[in-house]
Amino acid sequence: MAFPKVDFEVGADGVAVITMGNPPVNALAIPIIMGLKDRFDEAARRNDVKAIVLTGKGGRFSGGFDISVMKKVHDTGDSSHLPDVSVELVVNAIEDSKKPVVAAVEGLALGGGLELAMGCHARIAAPRTQLGLPELTLGIIPGFGGTQRLPRLIGLSKAVEMMLTSKPIMSEEGRKLGLIDSIVSSEELLKVSRLWALEIGERHKPWVRSLHRTDKIGFLSEARQVLGTARQQIKKTAPHLPQQQACIDVIEHGIVHGGYSGVLKEAELFKKLVVSDTSKGLINVFFAQRAITKVPGVTDIGLRPRNVKKAAVIGGGLMGSGIATALLLGNIRVLLKEINSEFLMKGIKTIEANVNDLVRRRKLTKQKADAALSLLKGVLDYTEFKDVDLVIEAVIENVSLKQTIFSDLEKICPPHCILASNTSTIDLNLVGNKTSSQDRIAGAHFFSPAHIMPLLEIIRTDKTSPQVILDLITVGKIIKKAPVVVGNCTGFAVNKTFFPYSQGANLLVNLGVDLYRIDRLICNFGFPIGPFQLMDLAGYGVAVATSKVFADAFSDRIFKSPMLDLLIKSGRNGKNNGKGCYIYEKGSKPKPDPSIQPIIEESRRLCNIMPNGKPISVTDKEIVEMILFPVVNEACRVLEDGVVIRSSDLDIASVLGMSFPSYRGGIVFWADLVGANHVYTSLKKWTQLYGNFYKPSRYLEERALNGIPLSAPASSTPKSVARL
C-alpha cells in the first residue's frame with residue numbers, strides 16, 4: 001500500500017514540480033498537507049528555484065480534504081485534528097509566494113483540491129477534468145478559501161450555484177468562466193505548466209492573486225441582490241441545512257470586508273460546522289455508504305465476481321418492470337416473462353415509459369435509451385432461460401406460487417444461475433424449500449420505483465453461498481444501486497425496522513391527534529412526505545398486505561387501526577384513484593380532504609383509546625418522537641438479531657430505502673444523538689399510558705441503562721437469524 005507523500009523535483013529550467021501522491025484520488029490527508037507546507041517552504045528558500053508547478057500523481061490532481069480527519073474530530077470531540085490549511089498554506093505559502101505557482105490540473109480537482117488550485121497564480125488543465133466544491137453535501141463549507149476565490153474567478157452567480165448544488169463542472173466550462181487559464185493535452189500538461197510559470201516570473205503572463213480580484217464581483221448592491229435571492233431559495237429548499245446559509249454569509253462577509261477577512265471568517269465557520277450535528281450525520285452517511293460492500297465471509301475470502309450478462313425478470317408489474325428497467329440501464333440483457341400476451345405488452349410498455357421518462361427529464365440520452373431498450377425481449381415461457389446468469393422473481397406475494405416458480409427454474413436454468421426473489425416479506429427458506437439449490441437462492445429486494453430508488457437489499461439465508469452474494473453485490477453496483485446485505489427474517493432490515501412507522505401514526509390519530517398535523521411535522525423533521533401521504537402513494541392494497549404479514553409475525557407489539565378498512569369501504573385507494581387522505585388532481589399538489597373527518601371519527605369510536613374520550617394533548621416534538629421512537633426500538637431488535645452486519649448498514653438503508661433525512665445520519669445514528677436513555681424512558685412512559693406497542697426492547701433497555709451507544713458493536717456474538 002502506497003503511503004501519502006509529496007514529491008519535489010527541480011528541473012534544469014529552474015521549475016520545482018511539487019507532486020501530491022495519495023492514491024486513488026490524492027486526498028489531502030494530514031501527511032500531504034504537512035508535506036506541501038514543507039515543499040513550498042523549500043521552494044521559497046532555494047535560489048535555484050525560479051517557479052513552481054503543483055500537480056497530482058496518477059492522472060488526478062486531488063479529490064479534496066481527507067474526510068476521515070473530520071470523522072476523527074467527531075469520534076474524539078477534538079477539533080485540533082484540523083490543520084490550518086487556508087492561511088498557512090494557501091494564502092501564505094502559495095498565493096503570497098514570491099515565486100509564481102501554476103496548478104497543473106488533470107482528472108479531478110474537487111473540494112480542497114480545487115481550493116489549492118485557486119490559490120495558485122494560474123491553472124492549466126487537461127480536457128474533461130472535473131472541477132467542483134462539494135463540501136456542502138457533508139454539512140460544511142469550503143474551508144481553504146473556496147468561498148472567497150471562486151466568486152472572484154468566475155463571478156458571483158455561477159460560484160453560488162456551484163457551491164449550493166455541489167455539482168462539478170468540466171474544465172472546458174471552467175475555461176469559458178475564467179477558472180482555467182488554458183486547456184492542453186495530458187501529455188503536454190506539465191511542459192506547458194512549467195513554461196507558463198516561467199513566463200509569469202518574466203512578466204510575460206499575468207501574476208494573478210485571485211483573492212485580491214474584484215472585477216467579477218460587481219457592485220455591492222448587485223452582489224447583495226444575488227445573495228438575497230439565494231437566501232430566499234435556501235429557506236424554501238434547505239431549511240434544515242445550516243451550511244447553506246453559512247456559505248452565503250461568508251461570501252457576503254468577504255465582499256463587504258475584503259477577501260482576506262473573508263478567508264478568516266470562512267475558517268472560523270468551517271470549524272464550527274465540522275462539529276455540528278448536520279455534519280456528523282452527513283459524514284456518517286458518507287462512510288456508511290462506503291462500508292456496505294465490505295461483507296465478512298464474502299468480500300474478504302478471495303472470491304472473484306462472475307459476469308452477469310443476461311438476466312430474466314419474472315412478472316412485468318410495477319416492480320418487475322422497474323427491476324427490468326434498472327438492469328437494462330446497467331447494460332444487462334433482459335428477458336421479461338409474463339403469463340399472457342396482454343400482461344407482457346403492458347410490462348414492456350411500462351419499461352419503455354420508464355426509459356423515455358428519463359430521456360424527458362434529461363437523465364439519459366436518446367441514444368443510450370435506444371441501446372438499453374434493444375437489450376429487452378419479452379417471453380411467455382422458460383425456453384430461453386437456458387443461458388441466463390440471474391433470474392429475479394417479482395410476482396405477487398404468494399408462497400405456493402413462488403415455490404412453483406423456483407422449482408421450475410431449478411430444472412431449466414444453468415447450474416451457475418442465481419435464483420433471486422424480490423419478495424419484501426416472505427421467508428426465503430419457504431420460497432426455496434421445494435428445491436435442492438438453496439445455496440443459489442437469495443433475495444434481491446428493490447424499493448419502488450425500482451429503477452429510481454437507490455437501495456437494494458440483498459437477503460441471504462444460512463444456505464446462500466458467498467459467491468451468490470458477491471455476484472449480487474456486483475450487479476447492484478453495475479445498476480447503480482447501494483447493495484446492503486441483510487439476514488433472512490420477516491420484513492428483512494428496512495421493512496422490519498419501519499413497520500411501526502405507519503402504525504405509530506395511526507395510533508396517534510386514534511388518540512385524537514390531527515392527521516395532517518402528523519404529516520406536516522414528519523415533513524418538517526426532514527422526510528419528503530408524511531406517513532399518511534406515503535400510504536396514499538403506495539396504494540391501500542400494499543398497506544393491507546404488509547400489515548397482515550407483520551400482525552402475524554409480531555402480534556405482541558402491533559397496533560391495528562380500523563381506519564384503513566374504513567377508507568377502503570368509502571371507495572378510496574389513495575393516489576391510485578385520486579382519493580385518499582388527500583385529494584389528487586392532475587397538475588396540482590395533493591390537498592387535504594376535509595371529507596375524511598367522519599371516517600377518522602368512526603375509527604376513533606371503534607378504537608376507543610382516547611383517555612376519557614378526549615384527544616390527548618401533545619407537543620410537536622412528542623408527536624415526532626411517538627412515531628419514530630418505536631422505529632428506533634425495532635431497529636434495536638434488528639441489531640440484536642444480527643439482521644445487519646453493522647449499525648451503519650441500517651443507517652444507510654433507512655436513508656436510501658425510507659428517505660430518512662440524510663443530514664440526521666440514519667435511524668440508529670440519530671437515536672444515539674437523541675440519546676438511548678431518552679428513547680428508553682419515553683417508550684417506557686408511553687407503554688404505561690398506551691400499551692405494548694411502545695414496550696422497549698431488551699437491547700434498548702440494556703444499552704440505555706449501561707450508557708452504551710445503540711450503534712456500538714455487540715460485545716458478545718448476537719443470536720443471528722442468518723450467517724452475517
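This is a predicted model: local features need pLDDT of at least 70, side-chain atom pairs count only at pLDDT 80 or more; totals for chains, interfaces and linings use all residues.
Arg149 is buried, with a relative accessible area of 0%. Glu95 is also buried, at 0% relative accessibility.

The bridge between Lys366 and Asp370 has an N to O distance of 2.9 Å. Both residues belong to helix H15 (residues 366-373). They are four residues apart, about one turn of the helix. Lys366 is exposed, at 52% relative accessibility. Asp370 is partly exposed, with a relative accessible area of 39%.

Arg698 forms a salt bridge with Glu640, and the closest N and O atoms are 2.4 Å apart. Arg698 lies in helix H29 and Glu640 in helix H25 (residues 620-640), so the bridge ties together parts that are 58 residues apart in sequence. Arg698 is partly exposed at 49% relative accessibility, whereas Glu640 is buried at 16%. Salt bridges that share partners also join Lys496, Asp556, Arg557, Glu634 and Arg637 into one network.

Helix H29 (residues 698-706) also holds Arg703. Arg703 is buried yet has no salt bridge. The nearest side chain of opposite charge is that of Glu702, 6.1 Å away; a salt bridge requires a distance within 4 Å. The Arg703 side chain instead reaches the backbone oxygen of Ala712 at 2.7 Å. Beyond four places in sequence, Arg703 touches Ile708, Pro709, Leu710, Ala712, Pro713 and Ala714.

In helix H24 (residues 597-607), the residues Ile599, Ile600, Ser603, Arg604 and Cys607 are buried. Seen down the axis of H24, the buried residues fall within an arc of 140°, so they line one face of the helix. The face turned away from that buried side carries the exposed residues Pro598 and Arg605. The buried residues of H24 pack against helices H19 (494-510), H20 (515-525) and H23 (563-569). Just after H24, Asn608 takes a positive phi of about 55°.

Helix H6 (residues 156-165) is mostly covered, with seven of its 10 residues buried. Among the buried residues of H6 are Lys158, Met162 and Met163. The cover over the buried residues of H6 includes strand S7 (130-132), helix H5 (146-154) and helix H10 (242-257). Ser166 follows H6, and its phi is positive, near 60°.

Key
Residues are numbered from 1 along each chain as its sequence is written. Side-chain values use heavy atoms; hydrogens and water are left out. Helices (H or I, at least four residues) and strands (E, at least two) are DSSP runs, numbered from the N terminus. Buried means under 20% relative accessible area, exposed over 50%, partly exposed in between (1.4 Å probe, protein chains only). Lys and Arg count as positive and Asp and Glu as negative; His and the chain ends are not counted. A polar contact is a pair of N or O atoms within 3.5 Å; within protein, one must be able to donate a hydrogen and the other to accept it, and residues adjacent in sequence count only if both atoms are side-chain atoms. Contact means heavy atoms within 4.5 Å. The arc is that of the directions from the helix axis to the C-beta atoms.
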